[in-house]
Amino acid sequence: MKHRTLFVAMALAGSLLTTGATAGNLTRDNGALVGDNQNSQTAGANGPVVLQDVHLIQKLQRFDRERIPERVVHARGTGAYGVFTASADLGDLTQASLFSAGKQTPVFVRFSSVVHGNHSPETLRDPRGFATKFYTEQGNWDLVGNNFPTFFIRDAIKFPDMVHAFKPDPDKNYGTDKTLFDFFQHVPEATRTLTLLFSNEGTPATYREMDGSSVHAYKLVDADGKFRYVKFSWKSQQGVRNHDPKQAAAVQANDFNHMSRDLIEAINAGNFPKWDLYLQVLEAEQLAGFSFDPLDATKIWPEDLVPSRKIGTMELNRNPANIFQETEQVAMAPANTIPGIEPSEDRLLQGRLFSYSDTQMYRLGANHQQLPINRPRVEVNSNNSDGAMNFGARTGEVNFEPSSMNPRPEAVAARYSNLPLEGVTQQRKIAREQNFVQAGELFRSYDRKMQADLINSLGGALAGAEDAAKHTMLSYFYKADAAYGEGLTRVAKGDIARVRELASKLAD
């Protein structure tokens, strides 16, 4: 508690100093007053600038270092603070204490586009990130998801390849449908998520009018160590609204920041957006009963098989005061879990547990969780030491465990759950792929206009693929739904007989 008091006092002192400097005279970073911010110090009236002008040097040094490495994915984003209020008691499912009816937990949410760069238009066709940091009394929990409930790949070993396929071609610095579908012709499990992407759901109108999903299955673990598999989803109380291709083009002509602007202005006006959090639950023994693998990130859990229930509501009610310090430096990572919430064996999630934390260390440094936006609201009592930009105010002579001088015992209740295992290590596909059924169901769930917009958008993109890749991709969509495949083939100027022949060889 002594360390925590000191840390809080230092933080408050820093806040007071910053406030005083802003209201008073201009200073350098060391607090020293600036005498002249208009003219460099020179050797005589017409001589060269001197190196001892420390204010000039510091301004240029700091300017040269204003940019940290851009996120490889999710670079373009905006964020807001709010509160999550639980509406259900989940004590029978989890030790996680935030799920107690009426309990409020502070949150920070970062919305983003996935593929495109930091200053790209927000109208571009792209999945949208929906990442929530819960500042719980048990530590920070990050629910890092997307607006789509499924993903393009099921194994993290393909994540760098997938991102490279979406990113600009290395010889051009802009992306092409030729290279995009050259990759995806080898990834039939992407059929459903590509359908989402090229539908109007790939161009949401606003962040406020957009749902979210955990995408992955997680585990909720109770006090006895028993776990169930779960999926989380956010449902917008504002409803869902998307742009069709003509609307997206019209918006981009006037405002390429429309999604960020809408959220910021709505919150500033007191129009606080809300989302309800829903939960789906499966017992471990139920996994084997599905025709697909429920831990496959390319699949949804159909509501008629796994009904969801509301467990809380989130309201966003405050914008960041500094976008860089808060929205850009927030470090979301699926590895940030708390007792009672664990990752599932989902192969894509297993890779993200490492990759997201690792990229935050690369971008922000080993001590990024000491930054105000990332700092837990509870005392941190780890033995992680030193590193660049460490301001954790650690004192004392013991930074190891076990220790009799400064004992810090483990909490038995926080141990990981036990997962029964059998077999050998292997590198094989999952047993139940079922790559096309849910894509067909998704297509048939759209109204006639949505289907037509999807066929025109995706068919136009497929027209730019190489001939073999184009027909392979068309066969995937035909296998999902014949009318879907026929429409795409017509727009992409493909050979329908060839598409049907290829589709006849596909198993689902």
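**Close-up views of a predicted model**

**View 1. Tyr356, a buried residue in helix H9.** With a relative accessibility of 14%, Tyr356 counts as buried, and this is a predicted model. Tyr356 sits in helix H9, which spans residues 347-364. The unreviewed UniProt entry places a "binding site" annotation on Tyr356. Which residues is Tyr356 in contact with, leaving aside its neighbours within four places in sequence? They are His74, Val144, Met332, Ala333 and Pro334.

**View 2. Strand E9 and its pairing with E1 and E8.** Here we turn to the strands. Strand E9 (residues 308-318) pairs with strand E1 (residues 77-86) in the antiparallel sense, over 6 bridges. Look for Val83, which stands opposite Glu315 in E9. E9 also pairs in the antiparallel sense with strand E8 (residues 274-282), this time over 7 bridges. There, Asp276 has Thr313 in E9 as its bridge partner.

View 3. Most residues other than glycine have a negative phi, and most peptide bonds are trans. Is Asp386 buried or exposed? Its relative accessibility is 60%, so Asp386 counts as exposed.

**View 4. Lys493, between helices H13 and H14.** Lys493 is found in the loop that links helix H13 (482-492) and helix H14 (496-504). Its phi is positive, near 60°, in a residue other than glycine. Lys493 counts as exposed because its relative accessibility is 70%.

Terms used
Residues numbered from 1 in each chain as written. Predicted model: local features only at pLDDT ≥ 70, side-chain atom pairs only at ≥ 80, totals over all residues. Heavy atoms only, no water. UniProt positions renumbered as here; feature names shortened; annotations may be inferred. Helix = DSSP H or I, 4+ residues; strand = E, 2+ residues; numbered from the N terminus. Buried < 20%, exposed > 50% of the residue type's maximum accessible area, 1.4 Å probe, protein only. Contact = heavy atoms within 4.5 Å. Pairing = 2+ DSSP bridges.
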